[in-house]
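The sequence and structure are shown first, and the description follows.

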Amino acid sequence: SNELLIDLGYNSNVKDTLLIPSAFTPTGLNPIFKISNPAISRGESTFDIYNRWGDKIWTGDALDGWNGDDLSGNAVGDGVYVYQFTAVYRNKRVVKSGSVLLLK
């Protein structure tokens, strides 16, 4: 498991704490690219993952995360991928985008 407990020094259930990693290694110590936010429950968030040509290669729950496979279940290669994170929780809608480095 790549679960990590972080003590931020305050009750993160009250304050909004969204953590999104910038890299992961599907065959290493950090095998899943996923968000961390105690305020978000399963089914309230999604990740869309795109390759460098803008093709959507994966979509799923951001709490479950992406393991480096495409929609067909085939492993993708090393490189930088673009994500769009969307969540609806606490009566608000959050959309964030960025890039993640996949290393094998």
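Strand β2 and strand β3 (residues 56–61) run antiparallel and are joined by five bridges. Strands here are DSSP runs of E with at least two residues, numbered from the N terminus, while helices are runs of H or I with at least four; two strands pair if DSSP finds at least two bridges between them. Within this pairing, W58 in β3 is the bridge partner of I49. The two strands form a hairpin with five residues between them, and G54 in the turn has a positive phi of about 90°.

The model is a predicted one, in which local features need pLDDT of at least 70 and side-chain atom pairs count only at pLDDT 80 or more, whereas totals for chains, interfaces and linings use all residues. Residues are numbered from 1 along each chain as its sequence is written, and side-chain values use heavy atoms, with hydrogens and water left out.

| Strands | Residues | Bridges |
|---|---|---|
| β2 and β4 | β2: residues 45–50; β4: residues 79–89 | six bridges |
| β4 and β5 | β5: residues 92–102 | eleven bridges |

Individual residues illustrate these pairings. T46 has T86 in β4 as its bridge partner, and Y81 stands opposite V100 in β5.

Taken together, five strands make up an open sheet with mixed pairing, in the order β1-β5-β4-β2-β3. Its edge strands are β1 (23–24) and β3, each of which pairs on one side only. The protein has zero helices and five strands, and its pattern along the sequence is β-β-β-β-β.

D48 is buried, with a relative accessible area of 12%; buried means under 20%, exposed over 50% and partly exposed in between, with a 1.4 Å probe and protein chains only. Its side chain is joined to that of T59 by a polar contact of 2.5 Å. A polar contact is a pair of N or O atoms within 3.5 Å; within protein, one must be able to donate a hydrogen and the other to accept it, and residues adjacent in sequence count only if both atoms are side-chain atoms. Leaving aside residues up to four places away in sequence, D48 touches K56, W58, T59, V82, Y83 and Q84, where contact means heavy atoms within 4.5 Å.

For the protein as a whole, 34% of the 104 residues count as buried. Of the contacts between residues at least 6 apart in sequence, 48% join residues at least 24 apart.
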